[in-house]
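Here is a briefing on one protein chain. Look over the fold first, then follow the strands and selected residues.

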Amino acid sequence: QVQLVESGGGLVQAGGSLTLSCSASGTMSSIDAMGWYRQAPGKQRELVATISSRGTTDYADSVKGRFTIPGDGPKNTVYLQMNNLKPEDTAVYYCTAGKIYYGARIYDPLHWGQGTQVTVSS
């Protein structure tokens, strides 16, 4: 089993920065990628960023140029660096672990963290 523990959420002003972290433990043999989702009330859940075991990252168009997953973090840990935050970034952010289907460029989340609230004020 995979256990995910998230931290780093909070309240920030627009234009500010915040870094989320996710620590994974347990059996990771079936895991080859980790990703961050976010969801706000009334909004569809959105995949915002992924990092694969190959070290490649991918970002949603809505966060490109502002959010980054560092590629040189410790094993079993993934971070999400968020810069130039906007009010529309307000959501519950979830760390996930799963699989990448490289041919189809699809990420399949298999395990979810508890979520952490990020609130960006105007």
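The mean positions of the 10 positive and 9 negative charges of the protein chain lie 2 Å apart. Lys and Arg count as positive, Asp and Glu as negative, and His and the chain ends are not counted. Each charge is placed at NZ of Lys, CZ of Arg, CG of Asp or CD of Glu.

The model is predicted: local features need pLDDT of at least 70, side-chain atom pairs count only at pLDDT 80 or more, and totals for chains, interfaces and linings use all residues. Residues are numbered from 1 along each chain as its sequence is written, and side-chain values use heavy atoms, with hydrogens and water left out.

**Overall fold**

- The protein chain has 11 strands and 0 helices. Both are DSSP runs numbered from the N terminus: strands are E, at least two residues, and helices are H or I, at least four.
- The sequence pattern is β-β-β-β-β-β-β-β-β-β-β.
- The radius of gyration is 14 Å, which agrees with the value near 14 Å for a compact globule of 122 residues. It is taken over C-alpha atoms, and the globule rule is 2.2 Å times the number of residues to the power 0.38.
- Along its principal axes, the C-alpha trace spans about 45 × 30 × 25 Å.

**Surface and contacts**

- Of the 122 residues, 39% count as buried. Buried means under 20% relative accessible area, exposed over 50%, and partly exposed in between (1.4 Å probe, protein chains only).
- The accessible surface is about 6600 Å², and 47% of it belongs to carbon and sulfur atoms. Areas come from the Shrake-Rupley method with a 1.4 Å probe; for residues, only the protein chains shown count as cover.
- Among contacts with a separation of 6 or more, 56% join residues 24 or more positions apart. Contact means heavy atoms within 4.5 Å.

**The four-strand sheet**

- An open sheet of 4 strands runs in the order β1-β3-β8-β7, with antiparallel pairing. β1 (2-7) and β7 are the edges; each has a single partner strand, so one side of each has no neighbour in the sheet.
- Two strands pair if DSSP finds at least two bridges between them.
- β3 (residues 18-26) pairs with β8 over 6 antiparallel bridges. Leu20 has Leu80 in β8 as its bridge partner.
- β7 (residues 67-68) also pairs antiparallel with β8, over 2 bridges.

- Leaving aside neighbours within four places in sequence, Thr77 is in contact with Cys22 and Ser23.
- Thr77 and Ile100 are 23 residues apart along the chain, and their C-alpha atoms are separated by 17 Å.

**The β9-β10 hairpin**

- β9 (residues 91-101) and β10 (residues 106-112) run antiparallel, joined by 6 bridges. Gly98 has Pro109 in β10 as its bridge partner.
- The hairpin has 4 residues between the strands, and Arg105 takes a positive phi near 55 degrees.

**Thr50**

- Thr50 sits in strand β5 (residues 46-52). Its relative accessibility is 9%, so Thr50 counts as buried.
- Leaving aside neighbours within four places in sequence, Thr50 is in contact with Met34, Gly35, Thr56, Thr57, Asp58, Ile69 and Tyr107.
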